[in-house]
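The sequence and the model are shown below.

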Amino acid sequence: MDFNVKKLASDAGVFFSRAMQFTEEKLGQAEKTELDAHFENLLARADCTKNWTEKILRQTEVLLQPNPSARVEEFLYEKLDRKVPSRVTNGELLAQYMTEAANDFGPGTPYGKTLIKVGETQRRLGAAERDFIHSASINFLTPLRNFLEGDWRTISKERRILQNRRLDLDACKARLKKAKAAEAKAACEGDAVPDFQETRPRNYVLSASASALWSDEVEKAEHELRLTQTEFDRQAEVTRLLLEGISSTHVNHLRCLHEFVESQTNYYAQCYQYMLDLQKQLGRFSGTFIGNAESTSPPPAATSPPAVAAATLPAVPTIPVVPTIVGVPSTVAESVLNPNEVKPPASGTRKARVLYDYEAADSTELALLADEMITVYSLPGMDPDWLIGERGNQKGKVPVTYLELLS
């Protein structure tokens, strides 16, 4: 291998000069060229931007993918420039398990039907999560990562070059200062009147020669100082332009942040709508499921959901529900349960607090708002999962699962 010995020696000399200048500055034995206040502010803002961008990027990755092993796997695929394999979300995996369980238990049973409906909702939630992660990765994580791996690396490289240029400049200033001091000392010795009676008059000649040598050294140091000053000023301007570009980076990140918030808002809105639809389906079809359960699991009183719901709630009085009389025609039951034609019983009414919002499916039901108080009571022949609710002049059927019965 062919080595350029002269270049290697020159680089080693420059490195040694910079190291010595840096050490003397740390020990307070050498002067240091200070940057202007505006430049220092640009440097501080750039460092702050880099540090917070790293933290936001890492925590957003944790938010989108809580599994550290999966994050490491994605990082390796990214570094190897390979496509990350598609991964099933937790919601989609739960939906798969629920569907398989429903098939084992029987899709026609109440439990199987409910598992299928909940599993379908979980699948939709998983798909929405996948879309959100994909959108956030492209619109938010990628710009942050590009800044750290692109713009910031360029800024860091130019800052290191600027630091070396400053060390070279200060080293040249120190050499010039020493050369001028030595020249002045030699000049003072040369101004002295020589004593030609001395045994060694050649000292005067040597002093004059040293003065000339130091004058040449001063000129050489001044020339090097001008060159290093020019290089330092040029590098400072390049670095300044890059640092001022941080403002454009902030604007870009602000736009990406708006897109991230919009994606997250759409994701949570979809999740809320999916769960609201599921809640309505379960509340609307729970009566049918209970009817099927009663036909296969006697006695009804031991397996009715009101008893289960009451067990999960705090110990509060419940309203006695009169079971449906076997053999009564459905048309008679419907006429009895018409809310507009019934009157509240003389006793047996209770206050209830609404747990969730509920939209009435038809004119016989009463729409509910979370945390409001209504009066409820039951009538003979009613579905045990429903009560009659009154709020002022409004009246209609309300699902028991949306209420907390009070004393």
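Which residues are buried in α2? In this predicted model, they are Phe39, Leu42, Leu43, Ala46, Thr49, Thr53, Leu57, Thr60 and Leu64.

## Helix α2

Helix α2 covers residues 37–64 and contains 28 residues. From its first C-alpha to its last it reaches 40 Å, close to the 40 Å expected at 1.5 Å a residue. Its N-terminal end is capped by Asp36, which places a side-chain oxygen 3.2 Å from the backbone nitrogen of His38.

## Helix α4

Helix α4 (residues 90–105) is built from 16 residues. The distance between its first C-alpha and its last is 22 Å, close to the 22 Å expected at 1.5 Å a residue. Gly91, Glu92, Ala95, Met98 and Ala102 are the buried residues of this helix. Viewed down the axis of α4, these buried residues fall within an arc of 120°, so they line one face of the helix.

Asn90 and Asp104, on the other side of α4, are exposed. After the helix comes Gly106, which has a positive phi, near 110°.

Helix α5 spans residues 110–191 and includes Gln122. Gln122 has a relative accessible area of 16%; because this value is under the 20% cut-off, Gln122 counts as buried. Once neighbours within four places in sequence are set aside, Gln122 is in contact with Gly91, Glu92, Leu94, Ala95 and Met98.

Leaving out residues up to four places away in sequence, Leu125 touches Tyr267, Cys271, Tyr274 and Met275. The C-alpha atoms of Leu125 and Tyr272 are separated by 9.5 Å, although these residues are 147 residues apart along the chain.

## The loop between β1 and β2

Where is Asp371 found? Asp371 is part of the loop between β1 (350–354) and β2 (373–377). The residue is exposed, with a relative accessible area of 54%.

Most residues other than glycine have a negative phi. Asp371 is not a glycine, yet its phi is positive, about 75°.

## Cysteines

How many disulfides does a search of the whole structure find? The search finds 0 disulfides. A disulfide is a covalent bond between the sulfur atoms of two cysteines.

Cys172 counts as buried at 4% relative accessibility, and Cys256 counts as buried at 1% relative accessibility.

## The chain as a whole

The chain has 10 helices and 5 strands. Of its 407 residues, 29% are buried. The chain exposes about 25800 Å², and carbon and sulfur atoms supply 58% of that area.

Contacts between residues at least 6 apart in sequence were also classified by separation: 73% of them join residues at least 24 apart.

How values were computed: Residues are numbered from 1 along each chain as its sequence is written. This is a predicted model: local features need pLDDT of at least 70, side-chain atom pairs count only at pLDDT 80 or more; totals for chains, interfaces and linings use all residues. Side-chain values use heavy atoms; hydrogens and water are left out. Helices (H or I, at least four residues) and strands (E, at least two) are DSSP runs, numbered from the N terminus. Buried means under 20% relative accessible area, exposed over 50%, partly exposed in between (1.4 Å probe, protein chains only). Contact means heavy atoms within 4.5 Å. The expected span of a helix is 1.5 Å times one less than its number of residues. The arc is that of the directions from the helix axis to the C-beta atoms. A polar contact is a pair of N or O atoms within 3.5 Å; within protein, one must be able to donate a hydrogen and the other to accept it, and residues adjacent in sequence count only if both atoms are side-chain atoms. Accessible areas come from the Shrake-Rupley method with a 1.4 Å probe; for residues, only the protein chains shown count as cover. A disulfide is a pair of cysteine sulfur atoms within 2.5 Å.
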